[in-house]
Amino acid sequence: GGALPGVTVEASSEVLIEKTRTVVSDGEGQYRFVDLRPGTYDVTFSLTGFSTIRREGVQLPADFVATINVDMRVGSLE
């Protein structure tokens, strides 16, 4: 139930020139993408030792701030 720093968050969409942008969550588990174009995005959250989570079809209109929280679960132990 706590915040996880170091989570890799990828936003991918056809509206992005580079197709995918990546950020990493900070010490408080927060992340921020700056200047995303309006459109539909798939957002992927990953951290070693945890299951990867993917949110598909996230609609982002112009001049909008979206908050997407996820509960990451421990993945397979090696």
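Two aromatic rings of Phe, Tyr or Trp count as a pair if their centres lie within 6.5 Å, and planes over 60 degrees apart make the pair edge-to-face. Keep that in mind. One caution as well: this is a predicted model.

So, the aromatics. How many aromatic pairs does the structure hold? Two. Take Tyr31 and Phe33 to begin with. Their rings sit 6.2 Å apart, centre to centre, with 75° between the planes. That is edge-to-face. Tyr31 is partly exposed, at 26% relative accessibility. Phe33 has a relative accessible area of 17%. The cut-off for buried is under 20%, so Phe33 counts as buried.

Now the other pair, Tyr31 with Phe45. It is edge-to-face too: 5.7 Å between centres, and 75° between planes. This pair links distant parts of the chain. Tyr31 lies in the loop between β2 and β3, while Phe45 lies in strand β3, 14 residues apart. Phe45 is buried, with a relative accessible area of 2%. Put together, Tyr31, Phe33 and Phe45 form one aromatic cluster.

Phe45 takes us to the core. The largest nonpolar core has 15 residues. Which of them touch the most other members? Phe45 is on that list, with Val7, Val9, Tyr41, Val43 and Met72.

Look at Val7 for a moment. Leave aside its neighbours within four places in sequence. Val7 is then in contact with Phe45 and Met72, and also with Val23, Val24, Ser25, Ser46 and Leu47.

Next, Ser13, in the loop between β1 and β2. Is Ser13 buried or exposed? Buried, at a relative accessible area of 7%. The Ser13 side chain reaches the backbone oxygen of Thr40 at 2.7 Å. Beyond four places in sequence, Ser13 is in contact with Thr40, Tyr41 and Lys19.

Lys19 brings up my last topic, backbone angles. Most residues other than glycine have a negative phi. Lys19 is not a glycine, yet its phi is positive, about 70°. Lys19 sits in the loop between β1 and β2 (20-24). At 37% relative accessibility, Lys19 is partly exposed.

Where is Asp35 found? In the loop between β2 and β3. Asp35 also has a positive phi, about 60°, although it is not a glycine. Its relative accessible area is 65%. The cut-off for exposed is over 50%, so Asp35 counts as exposed.

Terms used:
Residues are numbered from 1 along each chain as its sequence is written. This is a predicted model: local features need pLDDT of at least 70, side-chain atom pairs count only at pLDDT 80 or more; totals for chains, interfaces and linings use all residues. Side-chain values use heavy atoms; hydrogens and water are left out. A nonpolar core is a set of buried Ala, Val, Leu, Ile, Met, Phe, Trp, Tyr and Cys residues joined through side-chain atoms within 4.5 Å. Buried means under 20% relative accessible area, exposed over 50%, partly exposed in between (1.4 Å probe, protein chains only). Contact means heavy atoms within 4.5 Å. Helices (H or I, at least four residues) and strands (E, at least two) are DSSP runs, numbered from the N terminus. A polar contact is a pair of N or O atoms within 3.5 Å; within protein, one must be able to donate a hydrogen and the other to accept it, and residues adjacent in sequence count only if both atoms are side-chain atoms. Rings of Phe, Tyr and Trp (its six-membered ring) pair if their centres lie within 6.5 Å; planes under 30 degrees apart count as stacked, over 60 as edge-to-face and the rest as tilted.
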